[in-house]
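Please take me through this structure one feature at a time, giving the general idea before the particular case.

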Amino acid sequence: MNDRSLPSWATALLIPAINLALAFLASGIVVLIAGQDPLRAMQVMATGAFGSGEALGWTLYYATSFIFTGLAVAVAFHAGLFNIGGEGQAMLGGLGAALVALWLGDSLPWWAVLPVATLAAALFGMTWALPPAWAQARRGSHIVITTIMFNFIASTLLVYLLVNVLIVPGRMAPQSRRFGDGGQIPDLRGLFAALGLDSGASPVNVTLFLALLAAAAVWVLIWRTRLGYEIRAVGHAPAAAANAGIDPARIILIAMGVSGALAGAMALNPVLGEAGRLKLDFTLGAGFVGIAVALMGRCHPAGILPAALLFGALYQGGAALSFEMPGISRNMVAVIQALVILFTGALENMTRPLVQRLIAAPIRRA
Amino acid sequence: MSESPAIELRGISKSFGAVQANRDIDLTVTKGTIHGIVGENGAGKSTLMSILYGYYTADAGEIRVGGQPVRIATPADAIRAGIGMVHQHFMLVDDQSVIENVMLGSVDGLLTAASLRRTRAALDELGQTYGLKVDPDAIVETLPVGLQQRVAILRAMVRRADVLILDEPTGVLTPTEADDLFRVLGRLRDEGRTVILITHKLREIMAITDMVSVLRRGEMIATRRTADTSPAELAELMVGRRVQAPQRTARADTARGPVRLSVRDLALTLRGGARPVKDLTFDLRAGEILGIAGVAGNGQSELLELLAGTRRPTSGDIRMRDRPITALSAGERRKLGLAHIPEDRHHTGLVLPFALYENAVLGTHRDPSLGRGPFLSPRAMRDRAAGHVATYDIRPPDPALRSAGFSGGNQQKIVVAREIERGPDVILIGQPTRGVDIGAIEFIHRRMLEQRDAGKAILLVSVELDEVRALSDRILVMFDGRLSDPVPPETDERTLGLMMAGMTAP
């Protein structure tokens, strides 16, 4: 009940903006300590993320993944669950999507493969989310712990499959063969060209629209359906929900299932959209970034979309930064990204009391 | 009186955001008196005492202790100034011993041995001076509630509190335990200590205080010598208008209808072996209010949960209209016409972050009239909430307001409206007026009587004996998980008090 005296615009816009500014300030100090020019670094990052059609394409490519994982974290969060397992669920989702692409990609066109692959990715992701959900719902095992453990299992499973089963015979690289043409999701070169932009080598692809569709669907689910109502009731007040005849255990399973499906669907973007084959580490940490995206976006699709874009820009701009300013290493870029996550996600409540006081004062005087 | 007062508050103001909890409050508490502070829920009593005890800092105003201005920013400051507080829920460490709890906050040095010795001596002395005897080595959670409270009082006194603040101290006590407490408070006063008693029970004010101050909507309305005032005047001061005591309206046995809810040998054994509910058997009939009286913590909460279906009994049988429902879930029981107004509305009755209109459909959110197929229409929810707001005079009349923003009384009205408007046959009500202001109490009581007259079967569980006696057609007393035989509501308070303490009625 911390925000009782804060207008909604302050919570939705002002506080994230302040936190973001603080994050950049702290990053600037880090850059300064490293003996580099923070203003130039900032400029390089901005140009790197938005300065050209190709830059924008990469930013949107990363953002696509973060939309999925951000939504996944948000849905679970509405049910009061902290799904840390997006990473593992995405890995399994990638496995499901890849199996479909290997199976149908040689014979069917992409628009026929995509729905099946999406379904498989979602189902595989869901499957990976359900055991922790069951353990939480029926046995009270804490979902944070179990989903983290499932991340490790997923990662090991993926290594095993890629090294022993899906590997191309005679090759060293632990990756599957390249999918047939039907297993490649088209990029947005044409769309960019129509807008007068050149997307260059960036892998932004049709999955972006799937992500936007998922955001709309999540909004409808959470705020316009009876099930979403039940999810929110359980998340806010499990005892009140149970008393009203809602079975919290059932809701936990459903919410985690949806969450896992969304995290699994994220894999379409890197696996079918970019690489065109199943590789190790294709998730790029999106499962964890999704937590920051959901927190910053206040678990609402309208907040998750811009937050995902921001983190997409950080990923892409960070890559450009380490490339253009050799004095700033890749590790330093990771520090900057971490600072943004820290300030906008984990320390979300740090500036709130101050803003509360500043805003409440004129209201009281009025 | 030439001696300076124990406590003086001058112009204390405190607001939370746009809400002014205390407005320019003056209060003078004379040394060696028991000073009562009464007011409805949300009148600002707790805020005022929290300022005095250092939980909050006042926006404006001055605190004087023994004539000296003091700055109280933390409870440690308050303790240093000689102020002690006994909270409603005691704030004890349950699995530690009495002596460890009493020492809490006054341990010094590297090792505890010296503090232990000193505290033991102090406990001994206090036990002799005030009759506050309690075994220093007993584990707190094994003590009866009355003794736990005594531990909290002792802790304050070991810290040399000259001024003792007690917040709603009798809510968890049997009438006998309350009498004991009042005797102790009387002795403290006679020894020259000062007691501030916060309560909403006017009877206690009349019985024990020397002075009484009334708060209403954050303002100090009046201070009276207790001898010069009456419960009627105090109630009027608290509410700001005349209040009618609930009328006795029980009906003759013949007016009661068929059995709606029948309970046979219902029992609950918890994993640790505790048995909060022991072989209960009773019938609830249409057109009656069956009251269950008892001190909090004697199994009433568990009984309500078993009946509502949010907890499974270990054994026994529950039937509604002859239909076994023991194995049914809470949702299935609701569909058969069971309504439940839970005793803890913040936790179980409402989803506090939800808007009023969302809470208005909690439990009926699957109604086809609220939207097509899997969808829930915000407009249909708002329409329904608007109906509740109008019929139940919920204020402010804003269906979009978050439920946490309503006062206790209005929150309770939201729950009562939702459960009654569903048109159930059987209504379970737990502590319907806990933390509810007097105006809303009247309103809720009237609704319950209307429902009874309309032929509903109502089970009323309340720790307020006055409430149970005023509304019930029959009373069962619950003690240690068991129910007494039914007694008529005319049974005198002393007898009921003895039954509540586990002594058989004479």
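Q: Which residue of β17(B) is the bridge partner of B:L338?

A: Strands of a sheet pair through backbone hydrogen bonds, either parallel or antiparallel. In this predicted model, where local features need pLDDT of at least 70, side-chain atom pairs count only at pLDDT 80 or more, and totals for chains, interfaces and linings use all residues, the partner of B:L338 in β17(B) is B:V426. Residues are numbered from 1 along each chain as its sequence is written, while chains are lettered from A and ligands numbered from 1 in the order in which they are written. Helices (H or I, at least four residues) and strands (E, at least two) are DSSP runs, numbered from the N terminus, and two strands pair if DSSP finds at least two bridges between them. Here β16(B) and strand β17 (residues 426-430) of chain B run parallel and are joined by four bridges.

Q: What is the order of the strands in the open sheet of six strands in chain B?

A: The order is β16-β17-β18-β13-β19-β20 (chain B), and the pairing is mixed. At the edges are β16 (338-341) and β20 (482-483) of chain B, each of which pairs on one side only.

Q: In which sense do β1(B) and β2(B) run, and how many bridges join them?

A: In a regular strand the side chains alternate between the two faces of the sheet. β1(B) and strand β2 (residues 19-29) of chain B run antiparallel and are joined by seven bridges, with B:I7 having B:V29 as its bridge partner in β2(B). Strand β1 (residues 7-16) of chain B also pairs with strand β4 (residues 60-65) of chain B, in the antiparallel sense and over five bridges, and there B:S13 has B:A60 as its bridge partner.

Q: What is the mean pLDDT of chain B?

A: pLDDT is the predictor's confidence in each residue, from 0 to 100, and where pLDDT is low, the predicted coordinates should not be read in detail. For chain B the mean pLDDT is 88, with 96% of its residues reaching 70 or more. The scores for the model are ipTM 0.84 and pTM 0.82.

Q: Into which domains is chain B divided?

A: Domain bounds come from an automatic or database domain assignment, which gives chain B a domain 1 (7-239) and a domain 2 (276-500). Taken over C-alpha atoms, the centres of the two domains of chain B are separated by 33 Å. Their contact takes 12 residues from domain 1 of chain B and 12 residues from domain 2 of chain B. The largest share of the domain 1 side, three residues, comes from α8(B).

Q: Is α5(B) largely enclosed or largely open, and why?

A: A residue is buried if 20 or more other C-beta atoms, placed from the backbone, lie within 10 Å of its own, exposed if 12 or fewer, and partly exposed in between. Because 11 of the 14 residues of α5(B) are buried, the helix is largely enclosed by the rest of the structure. The buried residues of α5(B) pack against β6 (83-86), α3 (98-103), α4, β7 (163-167) and α6 of chain B. Just after α5(B), B:R160 takes a positive phi of about 60°.

Q: Where is B:K133 placed?

A: B:K133 lies in the loop between α4 (113-130) and α5 (145-158) of chain B, and B:K133 is partly exposed because 14 other C-beta atoms are within 10 Å.

Q: How many residues of α13(A) are buried?

A: Helix α13 (residues 286-296) of chain A is mostly covered, with 10 of its 11 residues buried, and α13(A) is followed by A:R298, whose positive phi is near 50°. α14(A) is also mostly covered, with 17 of its 24 residues buried.

Key: Contact = placed C-beta atoms within 7 Å.
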